[in-house]
Amino acid sequence: GKRFELPSRYRTLRRVTIRYARWDLSTVDLIDPRSEKFLCALYPIDLAKNADGVRRPLDPIEHVDLLPPRPPAGIAPRLRQLMADYAATGLPPAYIPLDQDKETP
């Protein structure tokens with residue numbers, strides 16, 4: 001029946017892992033699920049202060065390590081090497097596209 005506030009720097013996490021003591025809900029620990037390291041303490045929301053409607057601005061996201069890595073753009077290095085090796089043989093392309101005007105058999 002208690003609500004806890006997640007710090008804005010962790011707002012990009014889709015799923016959070018927490019640890020808490022059932023008998024003491026004054027704080028809840030936010031945990032990294034892979035390394036089991038303590039990240040920060042979460043505190044209960046003050047419902048009276050939350051009801052006045054004043055919100056603090058969100059902090060900029062500076063922790064790039066929390067976001068999943070971006071896939072590299074372009075052709076994969078191994079595929080690029082295979083294409084270069086194939087082009088070096090001097091053989092014609094293995095795939096010849098059909099003309100769009102002709103019907104497929």
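Buried residues account for 7% of the 105 residues in the protein, where buried denotes under 20% relative accessible area. The structure is a predicted model. Among contacts in the protein with a separation of 6 or more, 44% are between residues 24 or more positions apart.

The secondary structure consists of 2 helices and 3 strands. Along the sequence these elements follow the pattern β-β-β-α-α. Helix α2 covers residues 77–89. The expected span of a helix is 1.5 Å times one less than its number of residues. The 13 residues of α2 should therefore span 18 Å, and the 19 Å between its end C-alpha atoms agrees with this value. G90 follows α2 and has a positive phi, near 85°.

Rolling a probe the size of a water molecule over the atoms shows where empty space is left. The largest pocket in the model has a volume of about 610 Å³. Its lining comprises 19 residues, and those nearest the pocket centre are E5, L6, I45, N50 and R56. Two elements, β3 (38–42) and α1 (47–51), each give two or more residues to this lining. By residue class, the lining of the largest pocket contains 10 nonpolar, 7 charged and 2 polar residues.

How values were computed:
Residues are numbered from 1 along each chain as its sequence is written. This is a predicted model: local features need pLDDT of at least 70, side-chain atom pairs count only at pLDDT 80 or more; totals for chains, interfaces and linings use all residues. Side-chain values use heavy atoms; hydrogens and water are left out. On a 1 Å grid over the protein atoms alone, a cavity is a set of points where a 1.4 Å probe fits but cannot get out, and a pocket is an open set with protein on both sides within 12 Å along at least five of seven lines; lining residues have an atom within 4 Å of a point. Grid points are joined across faces, edges and corners, and a volume is the space filled by probe spheres set on the points. Helices (H or I, at least four residues) and strands (E, at least two) are DSSP runs, numbered from the N terminus. Ala, Val, Leu, Ile, Met, Phe, Trp, Tyr, Cys and Pro count as nonpolar, Asp, Glu, Lys and Arg as charged, and the others, Gly among them, as polar. Buried means under 20% relative accessible area, exposed over 50%, partly exposed in between (1.4 Å probe, protein chains only). Contact means heavy atoms within 4.5 Å.
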